[in-house]
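Please keep the sequence and the model in view while reading.

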There are 2 protein chains.
Amino acid sequence: MERGLLLIVSGPAGSGKSTVDGLLCQNPEFERSVSYTTRAPRKGEENGREYNFISEEEFLRLKDENALFEANYFCGHYYGSPRRRAEEVLASGRNFIMEIDVNGAMNMKKIYPEAVLIMLLPPSYSAQEKRLRGRGTEPEEKILARLARTKEELEFLPQYDYIVYNRENGAAEAAEEIRAIVRAEKSSVRRNPAAKDDYLAN
Amino acid sequence: MERGLLLIVSGPAGSGKSTVDGLLCQNPEFERSVSYTTRAPRKGEENGREYNFISEEEFLRLKDENALFEANYFCGHYYGSPRRRAEEVLASGRNFIMEIDVNGAMNMKKIYPEAVLIMLLPPSYSAQEKRLRGRGTEPEEKILARLARTKEELEFLPQYDYIVYNRENGAAEAAEEIRAIVRAEKSSVRRNPAAKDDYLAN
């Protein structure tokens with residue numbers, strides 16, 4: 001059984017990560033990571049969708065069992081991403097998607113160097129600005145903070161493997177591009193060190 | 001205009017290179033390299049298809065003009081691959097395919113380090129053997145020589161970027177895999193060093 005790939009998808013505000021990853025996960029070849037948290041669900045959040053909502057006792061047990069990639073404590077609550085689930089999915093040959101920010105991605109790259117790091121971007125900075133303002137839901141200072149944050153995030157681009165643009169109405173195309181990346185990575189000589197021996201033995 | 005990719009496709013006897021490359025070239029996004037030679041066309045060969053058949057005078061002029069990647073002299077005739085045509089195709093954003101053996105591929109990698117090296121393989125060694133014998137046109141010693149040569153060729157696999165298997169009746173699938181590789185390579189951070197600046201400026 002060929003192992004699946006661990007995909008780390010980052011992207012600034014307005015890049016449409018959830019939409020693109022949601023499209024990928026319509027195919028059972030992909031599964032999206034759902035983090036654990038000890039905080040209570042907010043209105044509209046569903047257990048197993050936004051987060052796996054668990055008790056502090058359960059969280060600490062998972063942490064002790066090494067079932068988490070990392071555990072963070074933030075504003076009185078624990079957060080952690082599911083290592084054990086990732087292992088199960090990858091071993092079954094399916095791909096596991098983690099939607100995380102640039103700092104999380106840099107950590108994951110250390111923990112799991114075979115991960116494929118993808119930066120999802122809006123078509124351009126001005127298009128991103130337009131998207132954020134177009135939502136009409138956020139105060140100006142928050143929009144400016146998000147745009148400033150984008151410039152910081154882009155400093156990490158050289159540590160990523162791929163850039164995928166989520167063009168206007170282009171989420172399906174972005175998802176297709178990620179599928180092409182998965183296919184190419186799986187064909188790479190680097191990921192198939194036993195190819196020669198396997199070929200000759202069969 | 002985004003530059004095209006130079007694809008080097010190698011593969012042992014029976015890998016079906018010409019079939020797969022032919023399928024790719026049905027799409028104008030791809031063009032296959034046609035080498036120059038000063039030898040006379042053989043029966044069934046067509047100018048511009050198997051080779052560009054030219055005079056020695058013309059060949060030496062092309063060589064002087066640096067219009068060739070390399071020029072070889074073999075059994076009284078010159079052979080050379082078209083650098084100028086490659087440049088034109090790549091500059092127009094289309095991809096240029098060179099079907100060459102492992103030694104040629106190693107040379108091209110030095111001359112043009114941005115090239116993508118793809119090794120096309122039959123499903124397995126035993127399947128390859130079956131294919132070669134199945135042709136029923138070659139003497140046993142030639143088949144054995146081709147199989148022995150395959151083992152030597154596979155020693156170069158670590159210098160390649162990708163392995164693509166041409167499975168039984170799978171030429172279309174292999175062509176599709178090469179298209180996925182092209183798409184992924186074009187999205188790679190490594191091939192897009194100006195992505196951050198372009199993003200912020202637009």
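In chain A, the axes of helix 5 (residues 125–135) and helix 6 (residues 140–154) come within 10 Å and cross at roughly 150 degrees. Helices (H or I, at least four residues) and strands (E, at least two) are DSSP runs, numbered from the N terminus. Axes are lines fitted to C-alpha atoms, for helices over the stretch in contact, and angles run from 0 to 180 degrees between N-to-C directions. Helix 5 of chain A is therefore roughly antiparallel to helix 6 of chain A, a term for angles over 145 degrees, whereas angles under 35 count as roughly parallel, 65 to 115 as roughly perpendicular and the rest as oblique. A:Q128, A:E129, A:L132 and A:R133 of helix 5 of chain A meet A:I143, A:R146, A:L147 and A:T150 of helix 6 of chain A; two residues are in contact if their C-beta atoms, placed from the backbone, lie within 7 Å. The residues of this contact divide into three nonpolar, two polar and three charged. Ala, Val, Leu, Ile, Met, Phe, Trp, Tyr, Cys and Pro count as nonpolar, Asp, Glu, Lys and Arg as charged, and the others, Gly among them, as polar.

The model is predicted: local features need pLDDT of at least 70, side-chain atom pairs count only at pLDDT 80 or more, and totals for chains, interfaces and linings use all residues. Residues are numbered from 1 along each chain as its sequence is written, while chains are lettered from A and ligands numbered from 1 in the order in which they are written.

The next topic is the sheet of chain A. It is an open sheet of five strands in the order 2-7-1-8-9, with parallel pairing; two strands pair if DSSP finds at least two bridges between them. Strand 2 (30–32) and strand 9 of chain A are the edge strands, each pairing on one side only. Strand 2 of chain A is joined to strand 7 (residues 95–99) of chain A by three bridges, and A:F30 has A:N95 as its bridge partner. Helix 1 (residues 17–24) of chain A packs on the sheet, touching strand 1 (6–10), strand 2, strand 7 and strand 8 (116–121) of chain A.

In chain B, all five residues of strand 1 (residues 6–10) are buried, which requires 20 or more other C-beta atoms within 10 Å of a residue's own; 12 or fewer make it exposed, and a count in between partly exposed, with C-beta atoms placed from the backbone. B:L6, B:I8 and B:S10 point one way from this strand, and B:L7 and B:V9 the other way.

B:L147 lies in helix 6 (residues 140–154) of chain B. B:L147 is partly exposed because 17 other C-beta atoms lie within 10 Å. B:L147 and B:E129 are 18 residues apart in sequence and 7.1 Å apart in space, C-alpha to C-alpha.

Finally, the two chains meet in a contact of 27 residues from chain A and 27 residues from chain B. On the side of chain A, helix 7 (171–187) is among the elements that give two or more residues, and helix 7 of chain A supplies the largest share, six residues.
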